[in-house]
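Please look over the structure below before reading the briefing. The points after it are grouped by topic.

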Amino acid sequence: MSRDDAESRRGQAHAKGLYPAPLNAGRSRNMQANRRSDTKPEVSLRKALHHLGYRYRKDLLLRLPETRVRPDIVFTKRKIAVFVDGCFWHVCPQHGRKPTTNEWYWAPKLQRNMERDTRANTALKEAGWTVVRIWEHEPLEEALQAVRSALD
Ligand SMILES: [Zn+2]
């Protein structure tokens, strides 16, 4: 689905009252930046790891006994799953304050995201995986260090 399709679908959802209208252009851009895959910090981390000679799978779907999980970066042999979590969608303690506008829409959605993250962590650990979660606001050096210490 192209971005234009997504935009027009969202527009239709507005019309049906299913989706709150963006607050303003800035907020709208912020939402775009928070798309699930290939966010910038995630791309930087992948590039840096690759540059250091690490080989990994990107967005690999893991079928676990309890649930299915799609980490951002997977080291299959080492069983290490890395997630780069967006501050807004995954409710980071520093930037993830709950929106007060459209609370009816966002609060349950963000709550579900947090619950899904917790379920994913538990399912992965029970299946013998190491989970590394990185906030998108973390500097690249710290993100790299977190992954490398899991690999060591
Ligand atoms: Zn943050």
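Four donors count as tetrahedral if all their angles lie between 85 and 135 degrees. Donors are N, O and S atoms within 2.8 Å of the metal, or 3.2 Å for Na, K and Ca; water is not among the atoms, so sites may look incomplete. This is a predicted model, in which local features need pLDDT of at least 70, side-chain atom pairs count only at pLDDT 80 or more, and totals for chains, interfaces and linings use all residues. Residues are numbered from 1 along each chain as its sequence is written, and side-chain values use heavy atoms, with hydrogens and water left out.

**Zinc site**
- The zinc ion has the protein donors Cys 87 (SG), Cys 92 (SG), His 95 (ND1) and His 137 (ND1), at 2.0 to 2.4 Å.
- Cys 87 sits in the loop between E5 and helix H4 (103-126), while His 137 sits 50 residues away in the loop between E6 and H5.
- The angles among the four donor atoms are 104 to 118°, and the site is tetrahedral.
- Cys 87 is buried at 5% relative accessible area, whereas His 137 is partly exposed at 30% (buried is under 20%, exposed over 50%, partly exposed in between, with a 1.4 Å probe and protein chains only).

**Chain**
- The protein chain has five helices and six strands (DSSP runs numbered from the N terminus: helices are H or I with at least four residues, strands E with at least two).
- Of its 152 residues, 38% are buried.

**Helix H5**
- Ala 143, Leu 144, Val 147 and Leu 151 are the buried residues of H5.
- These buried residues of H5 fall within an arc of 100° seen down the axis, so they line one face of the helix (the arc is that of the directions from the helix axis to the C-beta atoms).

Conventions. Four donors count as tetrahedral if all angles lie between 85 and 135 degrees; four count as square planar and six as octahedral if opposite donors are over 155 degrees apart and all others between 65 and 115; anything else is irregular.
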